[in-house]
Amino acid sequence: MLAIETIISFLLTVTLVILAPGPDNLFVLSQSVLHGKKAGIVAVLGICTGLVFHTTAIALGLAVLFQSSAIAFTILKTVGAIYLLYLAWKALTTTVSVQTIEATPATCSLSKLYLQAMLINISNPKASMFFLAFLPQFVDTKIGAVEYQIIMLGGLAMLASFLIYGAMVLLTSKLKNWVHRSPHIQTILNKVVGVMFLGFAFKLATSHR
């Protein structure tokens with residue numbers, strides 16, 4: 001069982017990481033503003049599912065492959081950068097007008113949002129690298145069951161992500177009606193999100209292990 005001091009220290013560090021700007025929280029925030037609370041929560045669940053993947057990979061030792069193999073790391077970061085470019089292209093080329101807003105259904109495809117959020121998290125090798133370098137620092141080999149400790153720490157990271165991102169969703173989803181009343185505001189938001197995704201794609205594509 002992890003010590004309380006270890007858990008508190010881990011959660012404080014994870015909170016700072018979650019709050020740092022990145023593709024995950026940008027996607028969650030943009031979807032909650034554009035589509036509302038339900039869409040934001042679904043995006044959060046997708047991100048948390050991605051964290052399940054990273055935690056499992058580390059527990060099974062798969063993440064070592066991305067640390068030791070330049071080819072594996074390059075393939076994954078290329079896939080991630082291409083996907084971010086695709087999202088940027090969609091945001092930058094979407095045209096918004098009064099007619100398109102009125103024709104847009106009240107709810108977006110939640111399953112599609114979930115999948116997009118999950119892929120954004122999974123296709124970012126920096127997330128695997130971070131977990132690989134970060135989680136072991138809080139593992140106590142003296143109490144044994146290293147895999148169990150990693151899974152527990154991963155679970156705490158998922159819980160923290162859900163609560164913090166969930167709080168963001170509750171705050172930003174209140175802006176949905178204001179944004180939807182103005183096609184101009186929605187267009188500007190799409191452009192800003194698109195440019196930021198372009199920046200994240202470039203940063204990921206030029207990153208090193």
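1. The second largest pocket has a lining of 31 residues, and those nearest its centre are V17, P23, D24, N124 and A127. A pocket here is an open set of points on a 1 Å grid over the protein atoms alone, where a 1.4 Å probe fits, with protein on both sides within 12 Å along at least five of seven lines; lining residues have an atom within 4 Å of a point. Among the elements that give two or more residues to this lining are α1 (4-19), α2 (23-35) and α8 (125-134). Helix α8 provides the largest share, 5 residues. Helices are DSSP runs (H or I, at least four residues), numbered from the N terminus.

2. The model is predicted: local features need pLDDT of at least 70, side-chain atom pairs count only at pLDDT 80 or more, and totals for chains, interfaces and linings use all residues. Residues are numbered from 1 along each chain as its sequence is written, and side-chain values use heavy atoms, with hydrogens and water left out.

3. V14 belongs to helix α1. V14 counts as buried because its relative accessibility is 5%, the cut-off being under 20% relative accessible area with a 1.4 Å probe and protein chains only. Beyond its neighbours within four places in sequence, V14 is in contact (heavy atoms within 4.5 Å) with F134, A157 and A160.

4. The mean pLDDT, the predictor's confidence in each residue from 0 to 100, is 78 for the protein. Confidence is highest in α7, at 91, and lowest in helix α6 (residues 98-103), at a mean of 40. Where pLDDT is low, predicted coordinates should not be read in detail.

Definitions and conventions:
Buried < 20%, exposed > 50% of the residue type's maximum accessible area, 1.4 Å probe, protein only.
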